[in-house]
Amino acid sequence: MSVKRLPSCIPIPLDEKELKELVSKTKDWVVMHGIGIRSKTAFSEDSINFAPYLLLPSTFPRKEFERAVEIQTTLNELMHRVAHNQEFLKETLKDTIQVDEFTGSLYKIWETVLNEGVTQKLSLGLVRSDYMLHSDTNKIKQVEYNTISVSMAGVGNGISLYNRFVLEELEHFDKLQNLPENNALTGMTMGLLEAWKIYGDSKAAILVIVEDVTYNICDQRFHEFELKRLNPRVKLMRKTLTDVHMEGSLSENNELMIGNTVVSVVYYRSAYTPEQIPTKKEWGSRLLIERSQAIKCPSIQYHLAGTKKVQQALAKPGALEPFLSDPNKIAAVRDIFTGLFGLDFDEAGDQAIQMALDDPERFVLKPQREGGGNNIYGSEIRDAIMQMKDTKERTAWILMERINPPISTGYMIRPGGQNPPQLAEMISELGIFGVVIGDSQKIMVNRQVGHMLRTKVSTADEGGVAAGYGALDSPYLI
Ligand code: ADP
Ligand code: MG
Ligand code: MG
């Protein structure tokens, strides 16, 4: 495998003295513009560190960036229909839910509300499709499509502005035109506001479901403050699922109440890992919300549609055809998929197991989890497969071809890092944000609303910023 390289946006390395000053100044810029995160090791509500970032924007091929932007509404349409196709979800998840307790519990909530009759037919999707460039072809391949607690529209938007600043500081005015405009924060927040308007009760609040401790606070607050900028009269509450257990109820006509306040929209920034729904109380809250009239972001069917198992099922031959009628759209979606394989107890599953054992470096092994840090890579794949291959456990995992993106060289700036920083080899992951509102019959809103780039050192397997692996970046188009 030959490693491809992307050029840097301006000549590097920078002069050491200039670099040192620039790093000090840009750290202040990002802190002063809210591009921050709370420390996991020295947590305090009173302090915010700057979030790791790339000193200079990493380059990304313009054509592939545009392709990712363009395909977003098709992906939104696809995933919205998948979320509303009960037979497909049932068939796809039937084995996984037997062994993956978390997905199984979500699935039970879905079954419960389907049996009872769905109270709120509309779903709000604030989504993000992630990509890496495939080195051999320099074309994008989809990593995953996220439907829950999609983050980085706030701080990522800030980094786009930062990259203008840094190129201006370095007097590369002619290069500014290669920084694509980014309105991710406004776009995502408008989605929340539109759902609130559709609900049609001007006194009703937007409820954000939060973790017990929020590290990625700036990104979340950006949405809150942007909402207030767009409409200062909209109420927003932040509650944990434990709070909802104590304070939440359903009114006679199934309105979600927190105390005496009606909730119009529930926006999850938590509840995507087992630890975030730890006991029966929190599962009770999850069900209470789903039973209510509030518009959920995501609804339970959207959450299930965002699982890795669904992603793998959609990559099977003929799987897209029931959802998309336009053959050009089908071809375009197929083109961004990389090899995805189920580990079911069938011939295809056995073949996938054998492929993984023969050449583990070619793959990533993924469970049904979100939030980073859950996948298995390299030689550990073999051990994991050997352990699970004769048990039902394997049906909870998928195997995905590993994407090997081209390498760029850059300066990553982290809290506590040395100044001047060392140049290092990096790889990037592009995310495109989308907003969807609709029900099983129609899609009322379908938009692409912005982007983000995350960059990590090339030797790291994972790149989540909130999870502590990667750094914020934004693309410089070439
Ligand atoms: P999560 O839902 O936890 O974010 P992802 O599927 O995005 O799960 O995987 C986490 C990270 O692992 C990605 O951000 C990326 O850095 C890496 N990764 C995932 N799939 C691949 C792949 N097929 N090839 C290379 N890296 C991958
Ligand atoms: Mg994810
Ligand atoms: Mg991811």
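Predicted model: local features only at pLDDT ≥ 70, side-chain atom pairs only at ≥ 80, totals over all residues.
Biologist: Which residues of H5 are buried?

Modeller: In an α-helix there are 3.6 residues a turn, so residues three or four places apart point the same way. Here the buried residues of H5 include Thr103, Leu106, Tyr107 and Trp110. Viewed down the axis of H5, its buried residues fall within an arc of 100 degrees, so they line one face of the helix.

Biologist: What covers the buried residues of H5?

Modeller: The cover includes helix H3 (86–93), helix H4 (96–99) and helix H11 (300–305). On the face turned away from the buried side of H5 are the exposed residues Glu101, Asn115 and Glu116. Just after H5 comes Gly117, with a positive phi of about 100 degrees.

Biologist: How many residues surround ligand 1?

Modeller: There are 19, and the closest are Glu144, Glu370, Ile403, Glu462 and Gly463. Strand S5 (123–134), strand S6 (139–146) and strand S14 (363–366) each give two or more residues to this shell. By type, the shell around ligand 1 has 5 nonpolar, 6 polar and 8 charged residues.

Biologist: Which residues does UniProt list for "binding site"?

Modeller: The unreviewed UniProt entry lists Arg128, Gln220 and Arg454. Arg128 lies in strand S5, and Arg454 is in strand S19 (residues 443–457).

Biologist: Why does Arg128 count as buried?

Modeller: A residue is buried if 20 or more other C-beta atoms lie within 10 Å of its own. Arg128 counts as buried because it has 25 C-beta neighbours inside 10 Å. Arg454 is buried too, with 27 other C-beta atoms within 10 Å. Among the residues that Arg454 touches are Ser428, Gly463 and Asp473.

Note on methods
Residues numbered from 1 in each chain as written. Chains lettered and ligands numbered in written order. Buried ≥ 20, exposed ≤ 12 C-beta atoms within 10 Å, placed from the backbone. Helix = DSSP H or I, 4+ residues; strand = E, 2+ residues; numbered from the N terminus. Arc of directions from axis to C-beta. Contact = placed C-beta atoms within 7 Å. Near = placed C-beta within 6 Å. Nonpolar A, V, L, I, M, F, W, Y, C, P; charged D, E, K, R; others polar. UniProt positions renumbered as here; feature names shortened; annotations may be inferred.
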